[in-house]
There are 2 protein chains.
Amino acid sequence: MSDAAEVLISHCRQAGQRITAPRRIIADVVAKADDHPDVPEIYRRVAAIDPSISLSTVYRTVKVFAATGLVERHSFAGGRVQIEPTSQAHHDHLIDIESGAVVEFRSDEIERLQALVARELGFELTAHRLVLYGRPLARKARRARKP
Amino acid sequence: MSDAAEVLISHCRQAGQRITAPRRIIADVVAKADDHPDVPEIYRRVAAIDPSISLSTVYRTVKVFAATGLVERHSFAGGRVQIEPTSQAHHDHLIDIESGAVVEFRSDEIERLQALVARELGFELTAHRLVLYGRPLARKARRARKP
DNA sequence: ATGCATTTGCGAACCATTCTCATTAATAAG
DNA sequence: CTTATTAATGAGAATGGTTCGCAAATGCAT
């Protein structure tokens, strides 16, 4: 069992939740996901380990994990709920519209402004989703790498 | 028929689409929507005008409108597709995670930084999508109105 | 007006998600 | 360790948004 998974289950225990075999397995799968799987996808991975675990249980367990604050449930594309361990460092994405490549980035400045804007609108910012779409600049115009 | 609705149907015609009675009505409903209705909601409004129009047709027509670029299909809350006429000036969205309400905002500062970040990554920014998720602040904590 | 491809309406199908409920199992107490 | 209590599970049905398939209706060019 991974380190992150142990954190998940120990927090669940602290929250008064019972630690069951399905929950251990689901914690493990969620903790080691570096993508943003939706629940059916998590279920597939879980079922590969223990096929007796039901889809309902995955839904319920993910909800429990989210309640502890250690997992985030986003509703990004096409209506699915996508899961992400809260532990990893936040980042946004830039999509190369020519190749479809995904570039990860982080801008503290933008993050700060987002919180500011939210507060001005009367909200506490809890999450955000920022995707930039761009066309690669001609090589000469790009910032040069270190020589 | 509203002005904006006429723009919608004329663009459809230009795109080689046939102009039908259902499409006129749906265009009218979509054009005058100042909120961000999902398709079932649009269907309700359409059915109030002509109950013989089917839900399928609303889904299909909204898709056609989106293809012409005159309507945007967002996927904000819980998997629903929400609709908005493209005509209005650019803005981003903040979702009230408690009520699902959509608040529109615009931050030139954030826009500027996005372009900057993209350029630093070697891209020319062509589009972006920013959605903030927030919880309403308690009234006392909110920025006070002018006295 | 006529022919034909596009649209429509209807219901079935799909997919993610939630719910119900009888059964199983984790935890606390003895 | 055993038992009682009560939460968690599995299976499948229910729900709600969205899409599909097909026969019938309709827009549009001629």
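The side chains of His128(A) and Gln114(A) are joined by a polar contact of 3.1 Å, where a polar contact is a pair of N or O atoms within 3.5 Å; within protein, one must be able to donate a hydrogen and the other to accept it, and residues adjacent in sequence count only if both atoms are side-chain atoms. The structure is a predicted model, in which local features need pLDDT of at least 70, side-chain atom pairs count only at pLDDT 80 or more, and totals for chains, interfaces and linings use all residues. Side-chain values use heavy atoms, with hydrogens and water left out, residues are numbered from 1 along each chain as its sequence is written, and chains are lettered from A and ligands numbered from 1 in the order in which they are written.

A polar contact of 3.4 Å also links the side chain of His128(A) to that of Glu111(A). His128(A) lies in strand β5 (residues 123-136) of chain A; strands (E, at least two residues) and helices (H or I, at least four) are DSSP runs, numbered from the N terminus. With a relative accessible area of 9%, His128(A) is buried, a term that means under 20% relative accessible area, with exposed over 50% and partly exposed in between (1.4 Å probe, protein chains only). Apart from neighbours within four places in sequence, the residues in contact with His128(A) include His90(A), Asp92(A) and, from chain B, Val131(B), Leu132(B) and Tyr133(B); contact means heavy atoms within 4.5 Å.

The contact between the two chains takes 38 residues from chain A and 38 residues from chain B. About 3300 Å² is buried between these chains, 69% of it on carbon and sulfur atoms; buried area is the accessible area (1.4 Å probe) that two parts lose on being put together, summed over both. On the chain B side, Phe123(B), Arg129(B) and Tyr133(B) lose the most area to chain A, together 19% of what that side buries.

DNA strand D is surrounded by 24 residues, the closest being Gln17(A), Thr57(A), Arg60(A), Tyr59(B) and Val81(B); a residue is near a strand or molecule if one of its heavy atoms lies within 4 Å of it. Phosphate oxygens of DNA strand D lie 2.7 Å from a polar side-chain atom of Gln17(A) and 2.5 Å from an N or O atom in the side chain of Tyr59(B). The largest contribution to the surface near DNA strand D, five residues, comes from α4(B).
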